[in-house]
Amino acid sequence: MAATLTACAVGPRYEAAPAVEMPMAFKEGQGAWVLAAPADTLDRGPWWTLFRDPVLDDLAARVDVSNQNVAAAVAAYAQARALVAQQRAGLFPTVDLTASGTRSGVRANATNTSTAVASSGSITRNNFQFDIGASWEPDVWGRLSRAVTGAEAGAQASQADLASARLAAQGELAVNYFNLRSLDVARDLLARTVAGFERTLTITSNRYSAGVVARTDVLQAQTQLASARADLLGIDQQRAQLEHAIAVLVGRAPASFGLPAQPSWEVAVPDLPQALPSTLLQRRPDIAAAERRVAQANEQIGIAQAAYYPSLRLSGSVGAGASAIGDLFSASSLVWALGLSATQSIFNAGLTRAQVESARAVFEQQAARYRQTVLTAFQNVEDQLVATRILGEQVVLRQEATRDADLVEQQVLNRYQAGQVAFTEVITAQQTALNARRALVQLQASRQVAAVSLVQAVGGGWQGLEQVPATTAAR
């Protein structure tokens with residue numbers, strides 16, 4: 001009977017995700033785009049191990065346990081799972097048991113007119129009763145089953161939101177960590193530069209004392225040294241702020257968290273696979289969440305359309321009443337009843353039509369958001385692919401510029417000591433060399449940040465590519 005009734009379900013059937021224009025290949029990479037089955041539930045693995053940093057490995061493992069945003073997403077997913085159970089309960093009959101017991105009395109007065117003597121008495125009664133009642137709403141038009149399906153889609157969307165929260169927190173942690181380590185290297189670089197500026201000031205002071213140069217050379221050297229020392233303090237401030245941000249991401253109070261400096265830290269940028277397949281985008285949890293919300297909105301259309309049709313309810317009960325508990329279960333005291341009711345809205349001033357139109361509008365809205373999410377995913381991947389390529393080429397040029405600037409700085413300083421050039425040329429050469437070194441350090445950090453962003457853009461790295469099923473079945 002239930003199968004027969006479910007066949008009468010009204011509303012649109014959800015076949016596949018809304019169509020999105022798919023490019024044939026990456027503009028900034030290799031590998032053709034193909035339609036493929038969703039794989040957002042596949043294990044992405046610890047993608048941060050691609051960077052081969054044990055401290056980052058330890059910190060990233062703590063995000064899933066201690067980060068409060070992730071904890072909130074876990075709770076939201078648990079709530080969505082509970083909602084599925086609530087909606088599924090509506091498919092089954094509801095059975096209630098009611099039991100009661102009462103004791104009542106009536107007081108009667110009688111008067112004897114011949115003797116004028118009044119007498120009185122009372123009548124006491126017991127009443128015990130129990131009833132077992134059941135009611136069931138047959139899912140004739142599919143309203144209840146669609147509610148269950150919609151709740152399941154909502155739970156899947158919450159699960160994808162949880163994965164997004166994890167990925168976002170892990171990515172933010174990695175970016176902050178790499179920026180912090182780049183500041184460790186930059187501080188060590190600047191500290192060595194300050195030491196060089198101090199030696200330059202000593203040379204300039206000695207030449208001034210010997211009457212070889214003017215006092216302006218000493219003042220310029222002092223200015224340059226003071227500015228470099230101020231830059232050191234600025235780096236200390238930035239590093240402290242990044243350390244505080246990392247502490248919060250791993251669920252610790254900043255006051256009780258610290259990361260020792262690593263001035264000799266080396267950049268490790270993971271190698272990209274030769275061909276980055278489009279199937280990796282299937283693992284993006286935000287795409288999965290957007291698609292599941294489209295499916296959920298589709299079910300709401302059917303639920304709204306079911307209001308055009310009558311709702312049926314079957315009910316039944318069996319019960320008994322007696323003056324003594326022992327008589328409750330005797331055949332003569334049992335009472336039963338069966339009932340069928342139907343309710344049909346005759347006039348509601350267009351309310352049902354408006355609800356259906358509203359549900360359709362929500363569906364179109366979710367479909368548009370899904371398409372936008374997919375297009376944004378394409379953009380993210382292309383952006384990070386081009387960033388990875390350009391930054392790699394820039395590093396080679398920056399390394400060459402740094403080597404040349406270091407040579408120029410040393411030669412100009414030697415010529416100044418020989419009295420062949422003015423001190424302004426020394427300052428220019430030293431500032432150029434310092435800027436080149438700092439730009440190289442920042443560029444190396446930017447390469448790692450771009451790698452993290454690419455990992456996030458493809459949904460959590462490219463580990464386990466063989467797990468991603470390449471198929472022509474689209475969701």
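Biologist: Let's jump in: where α4 passes α7, is the crossing left-handed or right-handed?

Modeller: Left-handed, for α4 passing α7. A crossing gets that label if the near helix is turned anticlockwise from the far one by less than a right angle, and it is right-handed if clockwise. Keep in mind that this is a predicted model, where local features need pLDDT of at least 70 and side-chain atom pairs count only at pLDDT 80 or more, while totals for chains, interfaces and linings use all residues. Residues are numbered from 1 along each chain as its sequence is written, and side-chain values use heavy atoms, with hydrogens and water left out. As for pLDDT, that's the predictor's confidence in each residue, from 0 to 100.

Biologist: And at what angle do the axes of α4 and α7 cross?

Modeller: At roughly 15°, with the axes coming within 11 Å. That makes the two helices, α4 and α7, roughly parallel. Angles under 35 degrees count as roughly parallel, over 145 as roughly antiparallel, 65 to 115 as roughly perpendicular, and the rest as oblique. The axes are lines fitted to C-alpha atoms, for helices over the stretch in contact, and angles run from 0 to 180 degrees between N-to-C directions.

Biologist: Which residues make the contact?

Modeller: On α4 it's Thr200, Ile203, Thr204 and Arg207, and on α7 it's Leu413, Tyr416 and Gln417. Contact here means heavy atoms within 4.5 Å.

Biologist: How do α6 and α7 pack, at what angle?

Modeller: At about 165°, with the axes of α6 (residues 285–305) and α7 8 Å apart. The pair α6 and α7 is therefore roughly antiparallel. α6 also passes α7 in a left-handed crossing.

Biologist: Let me step back. How many helices and strands does the chain have?

Modeller: It has 8 helices and 4 strands. Both are DSSP runs numbered from the N terminus: helices are H or I with at least four residues, strands E with at least two. From the N terminus, the order is α-α-α-β-β-α-α-α-β-β-α-α.

Biologist: What share of the chain is made up of buried residues?

Modeller: 38% of the 475 residues. Buried means under 20% relative accessible area, exposed over 50%, and partly exposed in between, using a 1.4 Å probe on protein chains only.

Biologist: Which residues touch the most other members in the largest nonpolar core?

Modeller: Trp47, Phe51, Leu59, Leu173, Phe178 and Ile246, out of 57 residues in that core. The largest share, 17 residues, comes from α4. A nonpolar core is a set of buried Ala, Val, Leu, Ile, Met, Phe, Trp, Tyr and Cys residues joined through side-chain atoms within 4.5 Å.

Biologist: What is Phe178 in contact with?

Modeller: Leaving aside neighbours within four places in sequence, Phe178 contacts Phe51, Leu56, Trp265, Ala445, Gln448 and Val452. There's also a second, separate core of 18 residues, including Ala297, Val356, Tyr370 and Ala377.

Biologist: Now Arg181: buried or exposed?

Modeller: Buried, because its relative accessible area is 1%. Arg181 is in helix α4 (residues 143–209). Apart from neighbours within four places in sequence, Arg181 is in contact with Val55, Arg239, Leu259, Pro260, Ala261, Gln262 and Trp265.

Biologist: And Thr352, buried or exposed?

Modeller: Thr352 counts as buried, at 8% relative accessibility. It's in helix α7. Not counting residues up to four places away in sequence, Thr352 touches Ala304, Ala307 and Tyr308.

Biologist: What about phi at Arg52?

Modeller: Arg52 has a positive phi of about 50°, although it is not a glycine. Most residues other than glycine have a negative phi. Arg52 is in the loop between α1 and α2, and it's exposed, with a relative accessible area of 60%. Ala349, not a glycine either, has a positive phi of about 60°; it's in the loop between β4 (334–343) and α7.

Biologist: Last one: where is confidence lowest, and where highest?

Modeller: It's lowest in helix α1 (residues 2–6), with a mean of 49, and highest in α5, at 95. Over residues 31–39 the pLDDT is below 50, though beyond near neighbours in sequence this stretch has 34 contacts in the model. Where pLDDT is low, the predicted coordinates should not be read in detail. For the chain, the mean pLDDT is 83, and 83% of its residues reach 70 or more.
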